[in-house]
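Reader: Hey, I've got a protein model to look at and I'm new to this. Can you walk me through it?

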Amino acid sequence: MTVLIQNLPIRGRVSSIFSHLDSLGFAGQYDYVHAPIDTRTRMLKGFAFVNFAHAADAARFMARLGGTQLEGSESKRTLTACLAANQGVEANLAALSGMRKRNRSKVVGLPWVRLDGEMQPIQETTQKLTLV
């Protein structure tokens, strides 16, 4: 089940998102994270997609995330979560792959997926998004 996290600080980093998820007790329970980055500013756009293999974990995460902030954030806004429009790793990758390359390049921060227990970045080839 894919969750949309909102109100992320634009100066945050993907590694901070991983740390926050883990600190809330969800280490190893998510298998996809995509935090789009603005190509002009090179900062986060303020939202991210996180996929959980089990719906129960996603529901617990949405209940637990509300009112928290990334460590070190200077923002007064707290994080919120809701279900994402695209559900599952494959659906999210298909949505990115379906974008014209010109538009996809605006999403500088490409997704991370869990492979062999570790979060790994996805690389873009000339034809499609592929696992490293």
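Predicted model: local features only at pLDDT ≥ 70, side-chain atom pairs only at ≥ 80, totals over all residues.

Reader: Let's do a helix. Which residues of α1 are buried?

Author: Helix α1 covers residues 14–26. Its buried residues are Val-14, Ile-17, Phe-18, His-20, Leu-21, Leu-24 and Phe-26. Looking down the axis of α1, they fall within an arc of 165°, so they line one face of the helix.

Reader: How far apart are the end C-alpha atoms of α1?

Author: They're only 15 Å apart. With 13 residues, a straight helix would reach 18 Å at 1.5 Å a residue, and α1 falls short of that.

Reader: What follows α1?

Author: That would be Gly-28, which has a positive phi, near 75°.

Reader: How do α1 and α2 sit relative to each other?

Author: Helix α2 spans residues 55–65, and the axes of α1 and α2 come within 11 Å, crossing at roughly 105°. Angles of 65 to 115 degrees count as roughly perpendicular, so that is how α1 and α2 are described.

Reader: Which residues meet there?

Author: From α1 there are His-20, Leu-21, Leu-24, Gly-25 and Phe-26. On the α2 side they meet Asp-57, Arg-60, Phe-61, Arg-64 and Leu-65.

Reader: Asp-57, is that one buried or exposed?

Author: Asp-57 is buried, because its relative accessible area is 14%, and the cut-off for buried is under 20%. Leaving out residues up to four places away in sequence, Asp-57 touches Phe-26, Gln-29 and Phe-52.

Reader: New topic. Which loop is Arg-42 in?

Author: Arg-42 sits in the loop between β2 (30–34) and β3 (47–52). Its phi is positive, about 65°, although Arg-42 is not a glycine.

Reader: Why point that out?

Author: Because most residues other than glycine have a negative phi.

Reader: Where is Asp-116, and what is its phi near?

Author: Asp-116 is in the loop between β5 (112–115) and β6 (118–124). Its phi is near 50°, a positive value, and Asp-116 isn't a glycine either.

Reader: And the relative accessible area of Asp-116? What about Arg-42?

Author: Asp-116 has 84% and is exposed. Arg-42 has 58% and is exposed too.

Reader: Now Asn-92. Where is it, and is it buried or exposed?

Author: Asn-92 is in helix α3, residues 89–98, and it is buried, with a relative accessible area of 5%. Setting aside neighbours within four places in sequence, its contacts are Thr-2, Tyr-32, Phe-49, Asn-86 and Gln-87. A polar atom of the Asn-92 side chain is 3.4 Å from the backbone oxygen of Asn-86.

Reader: Gln-87 is on that list. Which loop is it in?

Author: Gln-87 is in the loop between β4 (80–83) and α3, and at 36% relative accessibility Gln-87 counts as partly exposed.

Reader: Which backbone atoms lie 2.7 Å from a polar atom of its side chain?

Author: One is the backbone nitrogen of Thr-2, and another is the backbone oxygen of Ala-84. Not counting residues up to four places away in sequence, Gln-87 touches Met-1, Thr-2 and Asn-92.

Reader: How far is Gln-87 from Asn-51?

Author: They're 36 residues apart along the chain, with 7.8 Å between their C-alpha atoms.

Terms used
Residues numbered from 1 in each chain as written. Heavy atoms only, no water. Helix = DSSP H or I, 4+ residues; strand = E, 2+ residues; numbered from the N terminus. Expected span 1.5 Å × (residues − 1). Buried < 20%, exposed > 50% of the residue type's maximum accessible area, 1.4 Å probe, protein only. Arc of directions from axis to C-beta. Polar contact = N/O pair within 3.5 Å; in protein donor to acceptor, adjacent residues only side chain to side chain. Contact = heavy atoms within 4.5 Å. Axes fitted to C-alpha atoms, helices over the stretch in contact; angles between N-to-C directions. Parallel < 35°, antiparallel > 145°, perpendicular 65-115°, else oblique.
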